[in-house]
Amino acid sequence: MKVEAECVACILNRAAAEAKEATTNPALHFRVMMELLRLLSKEFRPTAVPADLGTKRDRLIKRITGNTDPYKRSKRISNEKALKLLPYTRKLAEEGYAQRDRFKKACLCAMVGNTIEFDIPSHKFTFNTLRKSFREAAKDLVIDDTNKIYELTKKAQIVLYLTDNAGEIVFDTLLVEQLKNMGLTVIVGVKGGPVVNDATLEDVDVSGMSKVVDKTVTTGTDAVGLPLKEVSAEFLDVYNSVDIVFAKGMGYAETLTEYKLKKPHALLLRTKCNPVANFFGVSREKNVAKLML
């Protein structure tokens, strides 16, 4: 997926908000924006990938402010609030007599969890609206490849589940539980270092995911999405060995759509901005379950 013109506004807006999370020093806020503008003047072009620019933005902010995890507090709060909602969502995910139905409901819960994102200009998220979003998840599902994903997953043995954000990872446990109930070996992948509010190893434990999965790996890098040139050799071995990949969120969608994939990938996300929505040909703030072969 390539950038659209409005991506530059999002990159700058998130940078300003993230810089304030990273430091209270106004001089550093100004320096962040100056250096980011210089970077974008060189690299913001029609062939750029949004996730790649987001990675460079975040690394720039961490370098200038000295704060390696600006969203640490927000991630902690997200996990705490998501855990309080987990019993409610577990009831939703476990409704249905057939395994296929429970799988789809868990997918819906995972997609709604992807709304937990901060500082996207067009996306206004509050925890107060989450219950309603979970109830209306099926209505907002505009690309529904869940049946195809289910059929392919049934034939698999090992699944790699790439998580996105803190808080959201709590609801991912519901889908991982369904995958385990299907007899699959599930490996969860998180980021190798802090980047925006993405989940890291710490969140695997806090969310309860570590009690569900068979193995946890990191990408080995603090990048948005999945830049295959940056990931660790250990991650790449896992990625190449599994039968199917579940990838959560817009960052993975932005990067994985740039590759010629060698195995099935199930993209589960919420379209939180117009460029991503336009890429999939849907409206903003909708749920997407897209199978890529």
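This note goes through the salt bridges, cysteines, strands, pockets and cavity of a predicted model.

1. Ground rules. The model is predicted, so local features need pLDDT of at least 70 and side-chain atom pairs count only at pLDDT 80 or more, while totals for chains, interfaces and linings use all residues. Residues are numbered from 1 along each chain as its sequence is written, and side-chain values use heavy atoms, with hydrogens and water left out.

2. Salt bridges. The whole structure holds 28 of them. The term means a side-chain nitrogen of Lys or Arg within 4 Å of a carboxyl oxygen of Asp or Glu. One of them pairs K272 with E117, at 2.9 Å from N to O. K272 sits in the loop between β6 (265-270) and α12 (274-280), and E117 in the loop between α5 (99-113) and α6 (130-135), so the contact ties together parts 155 residues apart in sequence. Helices (H or I, at least four residues) and strands (E, at least two) are DSSP runs, numbered from the N terminus. Both K272 and E117 are buried. Buried means under 20% relative accessible area, exposed over 50%, and partly exposed in between (1.4 Å probe, protein chains only).

3. K154 and E151 form a salt bridge at 3.6 Å, N to O. Both lie in helix α7 (residues 146-154), 3 residues apart, about one turn of the helix. K154 is partly exposed at 44% relative accessibility. E151 is partly exposed too, at 28%.

4. R284 and E285 meet in a salt bridge at 3.7 Å, N to O. R284 has a relative accessible area of 32% and is therefore partly exposed. E285, at 18%, counts as buried. Shared partners join D140, R270, R284, E285 and K286 into one salt-bridge network.

5. Cysteines. The search finds 0 disulfides, a disulfide being a pair of cysteine sulfur atoms within 2.5 Å. C273 is in no disulfide, and its nearest cysteine sulfur, that of C7, is 6.3 Å away. C273 is buried, at 12% relative accessibility.

6. Strands. In β3 (residues 185-190), 5 of the 6 residues are buried, so the strand is largely enclosed by the rest of the structure. Strand β2 (residues 158-162) pairs with β3 in the parallel sense over 5 bridges. Pairing requires at least two DSSP bridges between two strands. The bridge partner of L160 in β3 is I187.

7. Largest pocket. Its volume is about 450 Å³. Of its 30 lining residues, C10, R14, I120, M250 and E254 lie nearest the centre. α1 (7-22) gives the most to this lining, with 5 residues. A pocket is an open set of points on a 1 Å grid over the protein atoms alone, with protein on both sides within 12 Å along at least five of seven lines; a cavity is a set where a 1.4 Å probe fits but cannot get out, and lining residues have an atom within 4 Å of a point.

8. Second largest pocket. The volume here is about 230 Å³. The lining has 14 residues, with L92, K105, L108, F134 and A138 nearest the centre. α5 gives the most, with 6 residues.

9. Cavity. The structure holds 1 cavity of 30 Å³ or more. Volumes are the space filled by probe spheres set on grid points, which are joined across faces, edges and corners. Residues lining the largest cavity include E18, D58, K62 and Y71.
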